[in-house]
Amino acid sequence: MTSLDENLKKLDGYLARFRETGIRNRIAGEDADGSGGVFETISPVDRSVICKVAHGTAGDIDRAANAAHAAFAEWRDMPALERKKILIRVAEGIEARAEEIALCECWDTGQALKFMSKAALRGAENFRYFADQVVQARDGQHLKSPTLMNVTTRVPIGPVGVITPWNTPFMLSTWKIAPALAAGCTVVHKPAEASPLTARLLVEIAEEAGLPPGVLNTVNGFGEDAGKALCEHPKIKAIAFVGESRTGSLIVKQGADTLKRNHLELGGKNPVIVFEDADLDRALDAAIFMIYSINGERCTSSSRLLIQESVRDAFQEKLIARVNAIKVGHPLDPATEVGPLVTQEHFDKVTSYFDIARQDGATVAAGGETVGDAGFFVKPTLFTDATNDMRIAQEEIFGPVLTSIPFTTEEEALRIANDTPYGLTGYVWTNDLTRALRFTDKLEAGMIWVNSENVRHLPTPFGGVKASGIGRDGGDFSFDFYMEQKHIGFALGQHKITKLGAL
Ligand code: NAD
């Protein structure tokens, strides 16, 4: 594993070109300035300016949407095997530049290399997986009747908009863009303003792999202008969005006039429920991993620990010791487990909950402080003695912050688990199979793991219920979103047609 100094030196080399030219938009295979001028992207590690970024607005979105529209027919009609080959070459390109992607992602977002070194490879896997699905994207069902052969086909919906957040931005972008391209859609991508670096690397890799100009376009900028314009654009047929729940509502409103199809992957306040009969050591490892890895800036994080009263003290004692031992540091230091939070704004939001917790009567059992003042570092934090009506139990904090809530009975655990606006994931720890079946049946979440941390399996449906989203990704579920079902009936003979106005 390379040292911090070696990583910094390599990063310096990778960033040199961005310091010189900034990050420009990419439309129809060409670099373009943003009509709103430029903005700066800031490193969360030391608040330094990384580079200037094109500030796209409605005019740039219009050009990108027209480019995606113009490129659509050729991409849609490209033989499936050709399309598959290009997507595999994108995966290979990502693998070849995995180190560059990982280092840039860490510097842009503050997330530790320990975790981000795998993110690029997961991005490649998203392309490889959906490359293999290309042929299936076209499959329809053939429904027989005596008079007609009914064929259902699927066609790509058209140019789509992809709007992504700043947490694990590379992986999440590939998670949307790979199936869209595999389905035969063209894309206008609006990455998060806080972390634009790796979206630029992705569009370069895709073009080098042979993606025709205009099939993937990247317009940088802010939600209220570039993002809004993308939702409103009449040539964009659907929006795949990942971000906050309240932004999800705006996406729906903004797309209403053009009857946009929306896929929303939104926030979470996910419970990990630990029963007294569970393998408590494994439950502890998983609970810690799911909230403190990736800085806790993950939608599927287990941010509420529901712990059975009979094992609470022993479990929390070990938990506190482990949380205090988590290594906070420079994201490019291979030993770092928690890096700085992504932006000043997000740092202010996360740290505000330290006071909110105290005011509401919870105990700050670990952390609850910032670290130094060079960047946006906070100590991994644990709140205990919480009740589920407190803000720290109801609101998505989106940092390395865990709220522990005790329960006595299974019924009480279920009531607490379901008592939030969200419903993305749930993690249940018990060795009682019947209880696991009963509990998961009633738990309000789109994805549940029993005796496991979150392990993503690409063909399975990914998505949330309640305020956590609408729609599913993964396997054929992705194609349900990016494609239209089309019915065609072929007459098998001369069946009777009712005559009107017969002479
Ligand atoms: P955000 O909603 O602030 O921004 C996400 C994206 O939307 C950015 O690109 C932003 O510029 C854009 N945007 C903002 N306003 C817009 C508007 N009016 N119209 C169009 N686009 C607009 O979210 P964030 O703070 O970047 O990301 C963190 C959030 O994302 C958390 O709530 C997290 O839970 C959620 N998230 C969910 C999932 C999931 O799979 N459910 C995955 C990752 C992150």
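**Strand S11 and its neighbours**

I start with a pairing: Leu-264 has Ile-470 in S21 as its bridge partner. Strand S21 covers residues 469-470, and S11 pairs with it in the antiparallel sense over 2 bridges. Two strands count as paired if DSSP finds at least two bridges between them. Strands (E, at least two residues) and helices (H or I, at least four) are DSSP runs, numbered from the N terminus.

Before I go on, this is a predicted model: local features need pLDDT of at least 70, side-chain atom pairs count only at pLDDT 80 or more, and totals for chains, interfaces and linings use all residues. Residues are numbered from 1 along each chain as its sequence is written, and side-chain values use heavy atoms, with hydrogens and water left out.

Strand S10 (residues 238-242) runs parallel to S11, joined to it by 5 bridges. There, His-263 in S11 sits opposite Ala-240. With helix H9 (residues 245-254), S10 and S11 form a right-handed β-α-β unit. Right-handed means that, with the strands pointing away from the viewer, the path from the first strand over the helix to the second runs clockwise.

Is S11 (residues 261-265) mostly covered or mostly open? Mostly covered: 4 of its 5 residues are buried. Buried is under 20% relative accessible area, exposed over 50%, and partly exposed in between, with a 1.4 Å probe and protein chains only.

Next, strand S13. All 5 of the 5 residues in S13 (residues 304-308) are buried, so the rest of the structure largely encloses this strand. Arg-304, Leu-306 and Gln-308 point one way, while Leu-305 and Ile-307 point the other. S13 runs parallel to S12 (residues 271-274), with 4 bridges, and also parallel to S16 (residues 401-407), with 5 bridges. Ile-273 is partnered with Leu-306, and Ile-307 with Pro-406 in S16.

Helix H4 (residues 98-109) has 11 of its 12 residues buried. Gly-110, with a positive phi near 90°, follows H4.

Last, the ligand. Of the 29 residues around the ligand, Glu-193, Thr-247, Glu-265, Leu-266 and Glu-396 come nearest; a residue counts as near if one of its heavy atoms lies within 4 Å. A side-chain N or O atom of Glu-265 is 2.6 Å from a ligand oxygen, and a backbone N or O atom of Leu-266 is 2.6 Å from a ligand nitrogen. The protein covers 92% of the 860 Å² of accessible area that the ligand has on its own, by the Shrake-Rupley method with a 1.4 Å probe.

Definitions and conventions: A polar contact is a pair of N or O atoms within 3.5 Å; within protein, one must be able to donate a hydrogen and the other to accept it, and residues adjacent in sequence count only if both atoms are side-chain atoms.
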